[in-house]
Amino acid sequence: MALLEVEDLRVHFASEDGLVKAVDGISYSVDRGRTLGIVGESGSGKSVSSLTVMGLTRSNRARISGAVRFDGQDLLNASDADMRKIRGDDIAMIFQDPLSSLHPFYKVGDQIAEAVRNHRSVSKTEAFNRAVEMLDLVGIPEPRKRAASYPHEFSGGMRQRAMIAMALANDPKLLIADEPTTALDVTVQAQILELIQRLRNEFDAAVVIITHDLGVVAQMADEIAVMYAGRIVEHATATELFTGPEHPYTWGLLGSIPTLGPEREERLVPISGRPPSLITLPGGCSFHPRCPYVRDAHKRVDPKLEPVEPGSGHRVACLLDHQTRQRLWAELRAGKQPEEARVGVLHDKPPEETVSQSETVVHEAEAGA
Amino acid sequence: MIQYIVRRVLWMIALLFLVSAITFFIFYALPSADPAVLRAGKSPNPQLVEQIRHQLGLDKPLYEQYFDYMKNLLTKGDFGYSYQNNISVRTQIFQRLPATISLAVGAAILWLTVGILVGIISSTRPRSLIDRVSMGGALIAISAPVYFLGLVVLYLFADDIGLIKLFPGAGSYVPLSQDAGQWFGSLIMPWCVLAAAFAAFYARLLRSQMIDTMHEDYIRTARAKGLSERTVIFHHGVRAAITPIVTAAGLDIGVLLGGAILTETVFNIPGVGRLAYDSIINSDLPMIQGTVLLGAFFIVTANLIVDVAYAFVDPRVRY
């Protein structure tokens, strides 16, 4: 049994405009010593799903169903008090913006010590010493001195290191990193990712890393789940996903990463259109309004996440058949634009309602570190 | 920090000079009764008025009067003597100050306690019944002027004229040193009346600050650490949301130490505010000057204290 098992998790929020289906039936699992990357645009539900694992989306407006099992314990039905015992102890989380995520009025060392004292019956001095030890472990020079500094006296990278130190202070079994490098300089990003990787091995923890940047997970993740509109649309090992991606959305994500390879001439291909409203999802495949390879039937049939080939661990939710997808990806890799690839592979008319060019938004991918 | 404080103190002195000069010249620029005539009593003869005018130095040119006043103030710490009864202004003010301090400090303790508690409770349950009732009540308290509220409270609860004879009414103030019990009893109604609008304002201020703060990322971090909701609210939320309350409290207390004119007048408390009011009615310039300077002194000092305190409340602030 895996350390964390998420099964058919749904998180819906009641809002004035209607029911927001932030997460709509996702399943995944992670084991100790492994890293799962969850990738998607903003609003794809990747953060909400992880906050739900932590029990942080509970409110009277949230409807949560499905199952989350951690070390055999059912987290969705655990009491608030039980969740508090798990949070910050067995499951820890780090966030996107380390400056706003640290309390501005407390010293960094005290904030880490607070996490320790909340879960261990140790003296203030012991907790503070643990904080210093953790700051040292995450590579902060002069940790004893820096523990007495305030967050605003740290640089961005140091703040994220401090957040990591806080998260790992209680030897968590699972670390959830929500966009841990997005707010950081590119040069610092790589260091932070490397640090998370190293500490994962040292602590034998499981890591879930949430990002919109495939470059980040390429470096870190063993498995990758691509989320779109509250669902997982493709799930594969990192190698499989980068060598043979099967979902047009994944192709879009890959196409919008700048590479510094030999073929400098290649153009970045944005994913056209916008992420859909999570209140009124498009019928059929929810990616169809933005998919260059859409056919009429795709607007009616909702694809299931299924193995690409019988028995394969690589699963995708796409109505195109496996051979067509493989040929399309081959064409795209050969440098064709989506429109040209479609003409070569799908022998039918172009879709009648194409997305207008004015709506094209360059996907917010950044250079992988 | 020290350098900053020294600079601020120099500014304070300059400001107080300016305040004294403005008060002095406004007194003469605005139409008011002739102090000498007021002093001379009913139907005085011109010689007497002239004599009094000379005694008080009112026959000298304005700048000379101001110069004399400042000279006495700076060299002897002498605030002059009342035009009305020749009592030393300094003695009079120091005599009146304990009543004003009693009123201001007691009310401040009351309004901070009530305001902060109500603000926190309301903010943790926004839109609940208790929130709506408290915020509605706060709106009424903010809108009710002290002189109106004071009279209503006297009418309802004073032990002389009240419908329910509960607390000592207007004019019952005695110094703390004389009779602690009566001192406390006589101040209950003034404290409540003075604190009402402040408590309401502070509750609303803290509520809105808290609601903003509880959406901050560091609150999410605190929850992610597994802290109890109580610790999250008090140790992380209130700690961050309280800073504007510190500022407001410092300034408000500073203003009130200079005299809560309305409350002191309604409840007939012999404080500095009442003294200022009486001296304005009597065109008693030295007394006006003294009370205005005292008020100005408390306000600028409170400003300085608040600014310095801010550096301790918020470690990001540096001077």
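Tutor: Let's go chain by chain, setting values against cut-offs; keep in mind that this is a predicted model.

Student: What makes up chain B, and in what order do its elements run?

Tutor: Chain B has 14 helices and zero strands, so a run counts as a helix here once it has at least four residues. From the N terminus on, the order is α-α-α-α-α-α-α-α-α-α-α-α-α-α. The C-alpha trace of chain B spans about 85 × 55 × 35 Å along its principal axes.

Student: How do you know what span to expect for α5 of chain B?

Tutor: The expected span is 1.5 Å times one less than the number of residues. Helix α5 of chain B, residues 89–124, has 36 residues, and the expected value is 52 Å. From first C-alpha to last, α5(B) reaches 50 Å, close to that expectation.

Student: Where does α5(B) bend?

Tutor: At B:Leu97, by about 35°. A proline, B:Pro98, follows within four residues.

Student: Which domains does chain B have, and how many residues are in contact between them?

Tutor: The domain assignment gives domain 1 (2–76) and domain 2 (95–313). Their centres, taken over C-alpha atoms, are separated by 33 Å. In contact are 19 residues of domain 1 of chain B and 16 residues of domain 2 of chain B, where contact means heavy atoms within 4.5 Å.

Student: On to chain A. How do you know that β1 and β2 pair?

Tutor: Pairing takes at least two bridges. Strands β1 (residues 4–15) and β2 (residues 18–30) of chain A have ten bridges, in the antiparallel sense, so they qualify. One bridge sets A:Phe13 against A:Val20, another A:Glu5 against A:Ser29. A hairpin through two residues joins β1(A) to β2(A).

Student: What about β4(A) and β5(A)?

Tutor: They pair in the antiparallel sense over two bridges, and the cut-off is at least two, so they count as paired. A:Arg69 stands opposite A:Asp74 in β5(A). Their hairpin has two residues between the strands, and A:Asp71 takes a positive phi near 55° there. On the β1(A) side, β4(A) has eight antiparallel bridges, and A:Glu5 stands opposite A:Arg69.

Student: Which strands of that open sheet are at its edges?

Tutor: The order is β2-β1-β4-β5 in chain A, with antiparallel pairing. Its edge strands are β2 and β5 (73–74), each pairing on one side only.

Student: Why are β6 and β11 of chain A edge strands?

Tutor: They belong to an open sheet of eight strands with mixed pairing, in the order β6-β7-β8-β3-β9-β10-β12-β11. Each of β6 (91–94) and β11 (306–307) has a single partner strand, so one side of each lacks a neighbour in the sheet. Further in, β10 and β12 pair in the antiparallel sense over two bridges, with A:His235 partnered by A:Arg315.

Student: Which helices pack on that sheet?

Tutor: Among them is α1 (residues 46–53) of chain A, touching β3, β6, β7, β8 and β9 and making about 150° with β8(A). Another is α7 (residues 156–168) of chain A, which touches β6 and β7, at about 170° to β6(A). Helix α1(A) also lies across β1, β2 and β4 of chain A, at about 110° to β1(A).

Note on methods: Residues are numbered from 1 along each chain as its sequence is written. Chains are lettered from A and ligands numbered from 1 in the order in which they are written. This is a predicted model: local features need pLDDT of at least 70, side-chain atom pairs count only at pLDDT 80 or more; totals for chains, interfaces and linings use all residues. Side-chain values use heavy atoms; hydrogens and water are left out. The bend at a residue is the angle between axes fitted to the seven residues ending there and the seven starting there. Axes are lines fitted to C-alpha atoms, for helices over the stretch in contact, and angles run from 0 to 180 degrees between N-to-C directions. Domain bounds come from an automatic or database domain assignment.
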